[in-house]
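Subject: Structure for you to look at

Dear colleague,

My notes on what was found follow below it.

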Amino acid sequence: MSTEIERIVPAGSFCPNEECPDFGKVEAGNLINFGHTKAGTQRRLCKTCGGTFTITRGTIFYRRRTSQKDIVEALAQLAERGSIAAVARVKGVKEDTVSDWLRAAAEHWETLEAVLLADYRLSRAQIDALWTFVGHKGEKGDAPKKTRKAPSGVAP
Ligand SMILES: [Zn+2]
């Protein structure tokens with residue numbers, strides 16, 4: 001059902017190593033810039049686990065045509081406006097596309113929540129409203145939990 005869904009790992013905002021104690025912690029102070037790839041992509045080093053990664057690694061919907069920023073923005077707007085149609089209009093995409101992003105987001109809601117809360121200053125209530133679109137209430141609480149990679153995603 002979700003084979004086309006790619007991971008949502010916000011670019012470089014936290015360690016993407018799921019084995020790392022700081023996995024999913026946005027701006028936990030564990031990441032430092034670590035040069036660039038030949039292609040000019042920022043590389044980062046996690047001081048906690050010692051892993052390095054490029055900020056595009058595992059990036060949200062990397063097969064998709066819309067940029068990560070646009071998609072996360074769209075989801076943030078969706079949380080605020082509560083209307084898929086409105087967000088689709090603003091972003092100039094089909095409503096189906098927004099729904100698709102939302103479903104993808106729900107697959108990895110734990111990591112996305114951290115970003116929406118931290119970087120987009122959304123409230124818990126707004127996040128909860130967002131998840132109601134996909135029938136997933138999220139979880140009351142703070143830090144994202146570690147999850148194994150599950151091809152079928154996170155069960156509601
Ligand atoms: Zn790490």
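Which residue in the turn of the hairpin formed by β2 and β3 has a positive phi? It is Gly50, with a phi of about 80°, and the turn belongs to a hairpin that has five residues between its two strands. Please keep in mind throughout that this is a predicted model.

In general, the strands of a sheet pair through backbone hydrogen bonds, in either a parallel or an antiparallel sense.

Strand β1, covering residues 31–36, pairs with strand β2, residues 42–46, over four bridges, and at the end of this pairing you will find His36 opposite Gln42 of β2. The hairpin of β1 and β2 also has five residues between the strands, and here Gly40 takes a positive phi near 90°. On its other pairing, β2 joins strand β3, residues 52–54, over three bridges; Leu45 has Thr52 as its bridge partner in β3, while Arg43 stands opposite Thr54.

The zinc site

The zinc ion has as its protein donors the SG atoms of Cys15, Cys20, Cys46 and Cys49, which lie 2.3 to 2.4 Å from the ion. The angles among these four donor atoms run from 105 to 114°, and the site is tetrahedral. Along the chain, the donors follow the spacing C-x4-C-x25-C-x2-C. Because Cys20 sits in the segment before β1 whereas Cys46 belongs to strand β2, this pair ties together parts that are 26 residues apart in sequence.

The helix pair

Further along, helix α2 (residues 84–91) and helix α3 (residues 95–107) have axes that come within 8 Å and cross at roughly 110°, which means that α2 is roughly perpendicular to α3. On the side of α2 the contact is made by Ile84, Ala85, Val87 and Ala88, and on the side of α3 by Glu95, Val98, Ser99 and Leu102.

Terms used: Residues are numbered from 1 along each chain as its sequence is written. This is a predicted model: local features need pLDDT of at least 70, side-chain atom pairs count only at pLDDT 80 or more; totals for chains, interfaces and linings use all residues. Side-chain values use heavy atoms; hydrogens and water are left out. Axes are lines fitted to C-alpha atoms, for helices over the stretch in contact, and angles run from 0 to 180 degrees between N-to-C directions. Angles under 35 degrees count as roughly parallel, over 145 as roughly antiparallel, 65 to 115 as roughly perpendicular and the rest as oblique. Contact means heavy atoms within 4.5 Å. Two strands pair if DSSP finds at least two bridges between them. Donors are N, O and S atoms within 2.8 Å of the metal (3.2 Å for Na, K and Ca); water is not among the atoms, so sites may look incomplete. Four donors count as tetrahedral if all angles lie between 85 and 135 degrees; four count as square planar and six as octahedral if opposite donors are over 155 degrees apart and all others between 65 and 115; anything else is irregular.
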